[in-house]
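Let's take a walk through a protein model together.

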Amino acid sequence: MIKSAVVGVGFIGEEHIEAIRRTNLGWVEAIVGRDLEKTKAKAEVFQIPHYYNDIQQVLENPEIQVVHICTPNALHYPMVKKALEAGTHVVCEKPLTMTEDEARELTELAEQKNLVNAIHFNIRYYPLVRQAKVMIEKGEIGRIYSVTGSYLQDWLVKDTDYSWRLESAQSGVTRAVGDIGTHWMDLVEYVTGIQITEVNADMGTFLKKRKKPKKSIETWSGKILKNEDYDVVDIDTEDYASVLLHFNGGQRGVFTVNQMACGHKNRVTFEINGSLGSMIWNSEEPNQLTIGRRDRGNEVIIRDPSLVYPEAGSIITLPGGHNEGFADTSKQLFKEVYQYIKEAKPDNPVTFPKFEDGYREAKLCEAIIKSQKSCQWQEVK
Ligand code: SOE
């Protein structure tokens with residue numbers, strides 16, 4: 001078992017703990033949280049041997065080979081840097097950092113130190129996403145013309161909905177694009193193999209003021225508080241964005257992100273239109289992929305290991321009809337990372353998303369922000 005530590009134990013940190021365990025390759029030796037009492041309580045619930053309130057204590061333990069950074073975004077850069085400098089492999093939540101410069105620095109540092117570096121772009125690990133990628137590589141939908149889609153949520157619809165993600169100091173200057181737009185852009189570049197070269201963005205903040213709970217609450221915890229429990233604060237990050245896209249082969253595209261879209265809990269969709277067919281997928285029904293055809297009936301591919309390409313089959317655990325979902329994506333991603341660490345052969349192909357993919361997203365975010373400010377198309381450098 002590869003010993004690991006999870007730093008930050010909110011909603012997504014807990015997901016990491018569970019997913020690491022389900023790989024059958026990793027063992028969670030320690031967790032790190034801001035508040036020692038709360039972290040102790042979580043360590044007891046999850047039966048984890050050690051708990052700390054400082055990452056340094058984890059980095060001093062030579063048995064811990066990997067750290068998972070699941071803190072608010074502002075802490076990714078200093079935490080990842082410390083971990084790499086201490087010679088520890090890192091799995092980081094997205095976005096990698098809050099700025100392009102920080103992302104470049106961490107990407108270079110990880111390469112210099114020859115350490116395994118992964119970023120949690122888990123949506124790549126829905127098996128039919130990988131199936132779509134392989135089908136495109138084999139030319140099954142022909143020449144790609146356009147790529148469209150969205151990432152919609154409703155957990156920030158009310159002015160009483162609050163999270164550290166709303167604050168630019170903790171999450172970065174872009175929220176909806178940085179949090180869920182990065183997932184979408186990573187996903188479509190991964191699946192299609194084409195790259196976004198220019199962006200034209202329109203971003204909006206519907207609620208300019210929100211009620212901030214006097215005590216911090218975890219993302220998705222859905223706590224109901226009373227009026228006197230809040231302070232009214234200004235919001236400086238976007239709820240919504242639509243971004244027009246140009247790709248490197250002349251393809252066109254557009255995506256919308258919206259964290260105030262009632263009824264959509266956490267729905268990523270893409271539609272890829274090619275000369276021989278279209279591909280349509282959404283994360284709320286992840287176990288089916290629609291292939292649209294012009295000259296014959298459309299097809300629906302289902303998530304069944306015996307019916308997909310081996311590359312997609314390799315990230316399926318259960319037989320067809322035994323549905324897998326969100327929690328399985330992290331398990332499959334970590335399985336590939338931990339297997340790579342275990343085999344320790346640098347020439348093995350890297351199948352998981354790396355810091356360079358996080359750096360790519362940082363560049364895309366910077367271009368989107370510039371485009372919003374200038375009201376013009378912006379090149380992605
Ligand atoms: C919050 O918007 C969030 O938790 C994202 O940060 C995750 O990446 C996504 O999976 C669900 O929503």
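We'll start at the ligand, move along a helix, and then visit some loops.

A bit of housekeeping comes before the tour. This is a predicted model, so to speak of local features we need a pLDDT of at least 70, side-chain atom pairs count only at pLDDT 80 or more, and totals for chains, interfaces and linings use all residues. Residues are numbered from 1 along each chain as its sequence is written, and side-chain values use heavy atoms, with hydrogens and water left out.

Which residues sit closest to the ligand? They are Lys94, Gln153, Arg165, Asp179 and His183, out of a shell of 12 residues around the ligand. Sort the shell by class and you get 5 nonpolar, 4 polar and 3 charged residues. Here Ala, Val, Leu, Ile, Met, Phe, Trp, Tyr, Cys and Pro count as nonpolar, Asp, Glu, Lys and Arg as charged, and the others, Gly among them, as polar.

Now zoom in on some atom pairs. A polar side-chain atom of Asp179 is 2.4 Å from a ligand oxygen atom. For Arg165, a polar side-chain atom is 3.1 Å from an oxygen atom of the ligand, and for Gln153 a side-chain N or O atom is 2.9 Å from a ligand oxygen. These are polar contacts, meaning pairs of N or O atoms within 3.5 Å; within protein, one must be able to donate a hydrogen and the other to accept it, and residues adjacent in sequence count only if both atoms are side-chain atoms. Taken alone, the ligand would expose 300 Å², and the protein buries 95% of that. Such areas come from the Shrake-Rupley method with a 1.4 Å probe; for residues, only the protein chains shown count as cover.

Strand E7 (144–153) and helix H8 (176–192) each give at least two residues to the ligand's shell. Names like these come from DSSP runs, numbered from the N terminus: helices are H or I with at least four residues, strands are E with at least two.

Let's follow H8. Of its 17 residues, 17 are buried, so H8 is largely enclosed by the rest of the structure. Buried means under 20% relative accessible area, exposed means over 50%, and partly exposed is in between (1.4 Å probe, protein chains only). H8 also bends by about 35 degrees at Thr182, the angle between axes fitted to the seven residues ending there and the seven starting there. After H8 comes Gly193, with a positive phi near 80 degrees.

What about the backbone elsewhere? Most residues other than glycine have a negative phi, and most peptide bonds are trans. Yet a cis peptide bond joins Lys94 and Pro95, with omega about -10 degrees. Pro95 belongs to the loop between strand E5 (89–92) and helix H5 (100–112).

Ala344 has a positive phi near 50 degrees without being a glycine. You'll find Ala344 in the loop between helix H10 (326–343) and helix H11 (355–374), and Ala344 is exposed, at 60% relative accessible area. Cys375 is not a glycine either, and its phi is positive, about 55 degrees. Cys375 lies in the loop between H11 and strand E17 (378–379) and is exposed, with a relative accessible area of 65%.

Technical notes
A residue is near a molecule or strand if one of its heavy atoms lies within 4 Å of it.
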